[in-house]
Each structure stands twice: as C-alpha cells, then as structure tokens.
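These notebook entries record what I looked up in the structure shown below.

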Amino acid sequence: MTETKAKAPQISPVPDLAGLPEERLEAMHDAAASVLQCERDLAEANSSVVAEVLREQGDFLVWERYPKGDLFDLENHSHYFYHAHAPEEMADGENGHFHLFVRPAEIAPGIQPWRLPGAQVPKNPADRFIHICAISVDSYGRLIRIFTTNRWVTDETLYRAQDVIPLLDRFRIGIDRPSRALNAWLTSLIVLYRPQLEALLTARDATLEAWSKQHPGTEVLEDRRLQNTSEAYVDLVTQVGAIEAALEV
C-alpha cells in the first residue's frame, strides 16, 4: 500500500518586491528578457526546453534521469537533471521537472550541514551536493511551479536556508550541452524568481522543523511521508508585471 504524502505548503506566488534594491530588480528584469528570448529561440526551431533535454535520450520513462548521467558544469560547480514521477505525485499538466544543484566547492568555509533531531549526516558532507529547487514544466516546456524537497528525495547534504540562499548567486550552466538555450533558460530562472526561491527555502526549513516536532523519534529527513516541503505556482507575465511595478515606485 502506498503511503500518503504530506501536501507541500504553498507560498505567495509573487512576494512583495517593493523593498528590493533597484540593482536586484534590474537583474530580475534582464533575466525575464533572457527567459523570453530562450523560449522564442526554441520555438522558432520548433523545439522547447523539454524537447532539448530529452533529445536523443530514447524513450521518456518515469523516474529515469535526463540527460543520462545528469548535466554537470564543473567550472561553475552546478548541475541538473530532468525527470518525471507518477502522475499522482506531480502538478496538474506537469510533464516533469528539473532538479537544480550547486556543488560543495561553492560552500563558504565553516558552514556545516543542518543536524535536525534524528537526521543522519554523511561522513564526508563536502563530497555531496546541495539541492536548490525543482522546476516543473508542462509538455510544451511552460513553467508551472517551483518547489523544494526533503533530503531523501535527491540524497543531498542538507544545509539551512540561510546558508543555501547566498549560493543561489552561484548557480550557472554555461556549457552548450544538451542545449545552450535550455541552460541559459534555467540559469536565468534562478535570477528571475530569486525572491520566491528565498521564500521557498525558508518555508522548507519551517516545514522540516514542524514535522520533526509533530513526529518525535523519526528521522525527519528520511521520512517518505514528507516529500515536497514547499511550493509556489508562478507565472512569467505576473512576475514581470510585479518587477516593473516595483521599479516604478
């Protein structure tokens, strides 16, 4: 019998942007232009981010990771993969999602993994990676939601949100494989939705802490009942409108 998964808390799809520095807002606006350009370029080539990541990968199978072996940018210490779950574990209309990571070389000295009660910490945490978010898309490559997950989902080394948030600036995929447009799209999304990502990571920590208190004696980071820890349904047009409104204040 399949265990019932806890529903991930949803955050506001568009946080208040009025207090952000103009420099951050301008960077987000530029990132939106980059996202749109990538989508136009792919559409003109009769392609999409989904088609690019699955190109020459054989049949698209549930749970398989694409591209095979994941995609690593070793110079920027970043990597990602794309996959799909069973339909009941995904959003309505979701084809699959990208899991995005930064590598240990980008961790500031002295930062330690988060030791929640009952959590197992790897012997060599620097040998592993940090999951920053997952990005859901439909079969046309249109963005649906951004979400975070429990540690066991990606087998990451878990760090507190306050330590992960500065690393968002480090995520970058600057290589051509499997597609420069796809990689630029993912890189730009992290800039464009930075406020939501900060809120999602903070909400993830709150979800894990609450679960630990509600289920004493359990290894919260390994509990299969808790899979997704926060999510936000986002929309590019709404995001751009919020950015431009904040810039005009």
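**Entry 1: the sheet**

I looked up strand 5 (residues 143-149) and strand 6 first: five bridges join these strands, which run antiparallel. Helices (H or I, at least four residues) and strands (E, at least two) are DSSP runs, numbered from the N terminus. Two strands pair if DSSP finds at least two bridges between them. The model is a predicted one, in which local features need pLDDT of at least 70 and side-chain atom pairs count only at pLDDT 80 or more, while totals for chains, interfaces and linings use all residues. Residues are numbered from 1 along each chain as its sequence is written, and side-chain values use heavy atoms, with hydrogens and water left out.

I noted that Thr148 has Ser230 of strand 6 as its bridge partner. Strand 6 (residues 228-233) is mostly covered, with five of its six residues buried. Here buried means under 20% relative accessible area, exposed over 50%, and partly exposed in between (1.4 Å probe, protein chains only).

Axes are lines fitted to C-alpha atoms, for helices over the stretch in contact, and angles run from 0 to 180 degrees between N-to-C directions.

Further into the order, I found six bridges between strand 2 (residues 78-83) and strand 3 (residues 96-102), which pair in the antiparallel sense. His79 stands opposite Phe101 of strand 3.

**Entry 2: helices on the sheet**

Contact means heavy atoms within 4.5 Å.

**Entry 3: helix 1 and its partners**

I looked up how helix 1 (residues 22-44) packs with helix 5 (residues 180-192): the angle is about 155 degrees and the axes are 8 Å apart. The two helices are therefore roughly antiparallel to each other. For these classes, angles under 35 degrees count as roughly parallel, over 145 as roughly antiparallel, 65 to 115 as roughly perpendicular and the rest as oblique. The crossing of helix 1 and helix 5 is left-handed, a term used if the near helix is turned anticlockwise from the far one by less than a right angle (right-handed if clockwise). Among the residues in contact are Ala27, Ala31 and Cys38 of helix 1, and Ala184, Trp185 and Leu189 of helix 5. By class, this contact has 13 nonpolar, two polar and one charged residues. Ala, Val, Leu, Ile, Met, Phe, Trp, Tyr, Cys and Pro count as nonpolar, Asp, Glu, Lys and Arg as charged, and the others, Gly among them, as polar.

Helix 1 also packs with helix 7 (residues 236-248), at about 150 degrees and with axes 10 Å apart. That makes these helices roughly antiparallel. The crossing is left-handed. The contact includes Glu22, Leu25 and His29 of helix 1, and Gln239, Ile243 and Leu247 of helix 7. I recorded its residues as 10 nonpolar, two polar and four charged.

**Entry 4: His97**

Is His97 buried or exposed? At 1% relative accessibility, His97 counts as buried. His97 is placed in strand 3. Its C-alpha atom is separated by 6.0 Å from that of Val137, 40 residues apart along the chain. Not counting residues up to four places away in sequence, His97 touches several residues, including Phe81, His83, Met90, Ile135 and Phe147.

**Entry 5: backbone exceptions**

Most residues other than glycine have a negative phi, and most peptide bonds are trans. Pro178 lies in the loop between helix 4 (161-164) and helix 5.

Asn46 has a positive phi near 60 degrees and lies in the loop between helix 1 and helix 2 (49-54). At 74% relative accessibility, Asn46 counts as exposed. Trp63 has a positive phi near 80 degrees and lies in the loop between helix 2 and strand 1. Trp63 is partly exposed, with a relative accessible area of 47%.
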